[in-house]
Amino acid sequence: MVVKISIIKKHIMLKLDSKTPEGPLAEKWSKYKSTCKLVNPANKTKLDVIVVGTGVAGGPAAATLAELGYNVKCFCFQDTPRRAHSVAAQGGINAAKNYKHDGDSDYRLFYDMLKGGDFRSREADVYRCAEVSNNVIDQMTAAGLPFAREYGGGLTTRSFGGVQVSRTFYASGQTGQQCLLAGYTAMARQIFKGKITMYSRREMLELVLINGKARGIITRNLITGDIEKYSAHAVVLATGGYGTIYYLSTLAINSNASAQYLAFKKGAGWANPCFIQIHPSCIPQLNPYQGKLTLMSESLRNDGRVWVPKQKKDTRNPNDIPEEERDYYLERKYPSFGNLVPRDIGSRAAKEMCDAGYGVGKTGLAVYLDFSDAIKKFGQKVIADRYGNLFDLYEKMTGINSYEEPMRIYPAGHYTMGGLWVDYNMMTTIPGLFAIGECNFSVHGANRLGASSLLQGAADGYFVLPVTIGNYLADEIKTPRISTELPEFIEAEKNVREREEKFMSIQGKQTVTSFRKRLGSIMWDYCGIKRTEEGLKKALVLIEELKKEFLRDVKITGNLNEYNTEIIKTLRTEDAFEVAKLLCMDALNRRESCGAHFREEFQTPEGEAKRNDAEFKYVSVWEYQGEDKSPVLNKEDLKFDFVELKERNYK
Ligand SMILES: Cc1cc2nc3c(=O)[nH]c(=O)nc-3n(C[C@H](O)[C@H](O)[C@H](O)COP(=O)(O)OP(=O)(O)OC[C@H]3O[C@@H](n4cnc5c(N)ncnc54)[C@H](O)[C@@H]3O)c2cc1C
């Protein structure tokens, strides 16, 4: 079977104006803020904004917009905003406070992020993120977030991968939960005041456009099964990432790409879909029934040392392997950054070791993360204070006490740098549709550095979007409240019902989860840590075949007018097939290796990623063309006016 892969430009429809402000890098955001359009307080109360998502991006956005006076309708599929996937973030959040006097600055944070992303993101957007980082920490501390502190009371920091300063603020191994609670506290105040109407247990199933502008969404009430319509003057997607494309990943099982895909189908460009991060330190898969994998935070590599036995297929207990028979391969290969190399490099190195036969454990798909030296140096109490909950989690999952025996870790799908294309205003190619947090592609290029996602989400939600959305809404003050009885809403609702009924009528034999798992393994095998032209082409054929089988043979139990998780999973899976294809097509098109995107054909003699700036210094922005048609590739050329492009080197 031949799959049509049309990556040739048919016509360029998307207008990819980044709207980057003129002027010196460090002045762009201030200049923007002092010249953008504003909405006066009385007019704000006449404007409605939908925010889909309540994670570290959506929660703060909803709270801040309501605080400003807009009427916010906020949605999530969990039973409470406090359970958004951000709750899982462990290690920390970056900011350029320079409390350790180790030479940090806004510029250094900007440069580390840009370089970490292998120069595949926009300078201005990355700089703005670094610039507001200190505000994020101040905001959260003021909201009561219990960041770890020094003896004298000041906030303390630790190091994360890919940098040589200590700039990661943390709350034990529960930073995401605490960030989420800070955002939720602010939301709760506005829910109480009636400025946020919270719709939990709602799944967005359609985006509604009127005259080309985003004006509302259609949702399923997950408890009653009712299909509901909601309108607004603007829609903000803060729906997270699509790392679950591998089925097994560190993300919450329910994290999914459907909201992004629905927007894509309505005309939003999807940027760099193949830039997806595989995290090097996760607990290896323990059994075939698992629905997710568990992360062991990168912060552990501050004190943990990664190694494999020098002898292949060594089955000895790790404690019985003498020092001289251990290969601390990251320290050996990357002496400058050692165990704290960026994630893409750490993941590839682990895979290479395991593929070469040095992996440990029953499957040989694991390497050791060893704390014995740190415990000798600092004592067990200090290590327990730093990472106690992660050690407990590890013991609960594996039965192994890692104060006494090294952890076993292996790479797993973790984070998506790609996402909806947005301009400097955070607006997608659909007027009135904004995307923030992991849902957009904006600042991480081809690889995100640890602890910068909470930063980006919170920066977008608290400080960027609330300003930039005003620039758009200032022209909407004359638009009256939008009725959900308009034909566009009725049509969208009808489409949703027909789509659901199509699946209910299939009555096949296989569960939706079985398809999801099979899709996940195709993606892991052919579009995971390493990619090849041959593998990606094969994946496209396999995905197409599997999708056909799915449409023929999926079985959905239960009814539509009840709490039915199967129908939701089915719709998400149908979207996942298309997203998977998009990833493979993007990876196939990008005939270079950069950041987390490693094409085996393009590597240096030392086996490192070989970027090709001459041909690929652009953001690939895919554009939907209709069902059964290949999407079209548009390109946003990246300009680097303030930094020199260099080969990433962590040696
Ligand atoms: C295990 C783990 C540890 C991590 N640790 C760190 C860390 O230490 N530091 C760091 O910076 N980053 C970390 N990350 C990454 C970081 O947690 C995420 O990138 C970030 O939290 C994403 O936030 P978000 O607000 O964009 O989306 P999410 O938190 O994923 O929230 C998505 C929201 O959208 C809603 N939603 C989605 N689709 C729909 C729909 N169709 N209808 C209705 N609602 C919808 C969900 O209900 C949810 O409320 C970690 C990630 C993982 C998986």
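Which of the 46 residues around the ligand come nearest? They are G53, G55, S86, G240 and G437.

The structure is a predicted model, in which local features need pLDDT of at least 70, side-chain atom pairs count only at pLDDT 80 or more, and totals for chains, interfaces and linings use all residues. Residues are numbered from 1 along each chain as its sequence is written.

The ligand shell draws on several elements of secondary structure. Helix 7 (175-193), strand 6 (202-210), helix 8 (258-265), strand 15 (407-416) and helix 13 (452-473) each supply at least two of its residues. Helix 13 gives the largest share, 4 residues. By residue type, the shell contains 19 nonpolar, 24 polar and 3 charged residues. In this division Ala, Val, Leu, Ile, Met, Phe, Trp, Tyr, Cys and Pro count as nonpolar, Asp, Glu, Lys and Arg as charged, and the others, Gly among them, as polar.

The protein as a whole has 18 helices and 19 strands. Both are DSSP runs numbered from the N terminus: helices are H or I with at least four residues, strands are E with at least two. The C-alpha trace spans about 75 × 60 × 50 Å along its principal axes.

Of the 651 residues, 54% are buried. A residue is buried if 20 or more other C-beta atoms lie within 10 Å of its own, exposed if 12 or fewer, and partly exposed in between, with C-beta atoms placed from the backbone. Among contacts between residues at least 6 apart in sequence, 74% join residues at least 24 apart. Two residues are in contact if their C-beta atoms, placed from the backbone, lie within 7 Å.

Two domains are defined, domain 1 (279-413) and domain 2 (487-611); the bounds come from an automatic or database domain assignment. Their centres, taken over C-alpha atoms, are separated by 31 Å. The contact takes 5 residues from domain 1 and 4 residues from domain 2. On the domain 1 side, helix 10 (residues 343-355) gives the most, with 4 residues. That side divides into 1 nonpolar, 1 polar and 3 charged residues.

Strands of a sheet pair through backbone hydrogen bonds, either parallel or antiparallel. Here two strands pair if DSSP finds at least two bridges between them. Strand 1 (residues 48-52) and strand 2 run parallel and are joined by 5 bridges, with D48 opposite N71 in strand 2. Strand 2 (residues 71-75) is largely enclosed by the rest of the structure, because 5 of its 5 residues are buried. Both of its faces are covered: N71, K73 and F75 lie on one side, V72 and C74 on the other.

An open sheet of 4 strands has the order 16-10-18-19 with antiparallel pairing. Its edge strands, strand 16 (419-420) and strand 19 (632-637), each pair on one side only. Strand 10 (residues 270-271) and strand 16 are linked in the antiparallel sense over 2 bridges, and the bridge partner of W270 in strand 16 is L420.

An open sheet of 5 strands has the order 11-15-14-12-13, also with antiparallel pairing. Strand 11 (276-282) and strand 13 (326-327) are the edge strands, each pairing on one side only. Within the sheet, 3 bridges join strand 14 (residues 367-370) to strand 15, and Y368 stands opposite R408 in strand 15.

Strand 6, one of the contributors to the ligand shell, is antiparallel to strand 7 (residues 213-221) over 8 bridges. R202 has N221 as its bridge partner in strand 7. Strand 6 is largely enclosed by the rest of the structure, since 8 of its 9 residues are buried. The hairpin of strand 6 and strand 7 has 2 residues between the strands, and N211 takes a positive phi near 50 degrees there. N211 counts as exposed because it has 7 C-beta neighbours inside 10 Å.

K19 likewise has a positive phi, about 55 degrees, although it is not a glycine. K19 is in the segment before helix 1 (28-35). With 13 C-beta neighbours inside 10 Å, K19 counts as partly exposed.

Conventions:
A residue is near a molecule or strand if its C-beta atom, placed from the backbone, lies within 6 Å of it.
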